[in-house]
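Dear colleague,

Please find below the structure that I am handing over to you. A summary of the findings follows it.

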Amino acid sequence: MSLLNNLINGISLGSVYAIIALGYTMVYGIAKMLNFAHGDIIMVGAYVCFFATGQFGLSPIAGVLLAMVVCTILGMVIERLAYKPLRQAPSLAVLITAIGVSYFLQNSALLLWKSDPKVFTSVVPGGSLTLGSVNITYVSLVTVLSCVVIMLVLSFFTGHTKMGKAMRACSEDKAAAQLMGIDVNRTISMTFAIGSALAAVAGVLLCSTYPTLMPTTGSLPGIKAFTAAVFGGIGSIPGAMLGGILLGIIEIFAKAFNTNISDAVVFAVLIVVLLVKPSGLLGKTVREKV
């Protein structure tokens, strides 16, 4: 029974990683950049929901929606101010800028909300579903269901809507997409908006499961979600979900074996996967002519 409980907890944690990884994989797939500030947007979303429901008395659903709106605006502002001027810059300059934005958000949170940990009140009602000797909490059920719904909606969006097809075109070739009349800047900005909204959802679900909130809350989950995106095949929506869930399961079982080595095991698995299949589990190998 402990095996099944660990598996369920792993799928729940992996679903959070998958939602975060979807934001990473969309931005990388279209803008070809790694937004390492993504993990800190998770933290901002959790803080917004925390204050909206705790101090302003909004309902949990209203708190989540407000967090999504704030993070969407924040993501678009970051893209416009920090990343848009670097469209033609070397990838190293963009990477350093992303790290700078990450530290800016963390230190801003320290000034605004101080460093003391806050106890996050779950947006999902307490309780669990009992199946024999296995207990599945409502938070786990909502987390997994949210992950599946988000992946299905994103897959439909990118495959059957005008904006989604524009995103796919920009992912293939920005210059050709622009020649065909696609507004590349608007498309990239929309990608950041969607990714940041997903970060808010992930932050709320993460803190509902592990109810401790502080300015560094999103840092390690953000890095692990990036690992999940690479694990599954960065640029692939199903790959992000698969990588996130597998990573969550690996982490929970590693913690059950030895808590001190769980993070090391997670990154060791990534190294092995990249050595065997550098494009990730569902990623495509792209050949470039030189």
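**Findings**

The secondary structure of the protein comprises 11 helices and 4 strands, taken as DSSP runs numbered from the N terminus (helices: H or I, at least four residues; strands: E, at least two). This is a predicted model, in which local features need pLDDT of at least 70 and side-chain atom pairs count only at pLDDT 80 or more, while totals for chains, interfaces and linings use all residues. Residues are numbered from 1 along each chain as its sequence is written, and side-chain values use heavy atoms, with hydrogens and water left out.

As to overall form, the radius of gyration is 19 Å, which agrees with the value near 19 Å for a compact globule of 290 residues (taken over C-alpha atoms; the rule is 2.2 Å times the number of residues to the power 0.38). Along the principal axes, the C-alpha atoms fill a box of roughly 60 × 45 × 35 Å. Buried residues (under 20% relative accessible area, 1.4 Å probe, protein chains only) account for 48% of the 290 residues. Of the contacts (heavy atoms within 4.5 Å) between residues at least 6 apart in sequence, 73% join residues at least 24 apart.

Two loops deserve mention. F56 lies in the loop between helix 2 (38–54) and helix 3 (60–83); its relative accessible area is 63%, so F56 is exposed (over 50%). K114 is placed in the loop between helix 4 (91–113) and strand 1 (118–119), and its phi is near 65 degrees, a positive value in a residue other than glycine.
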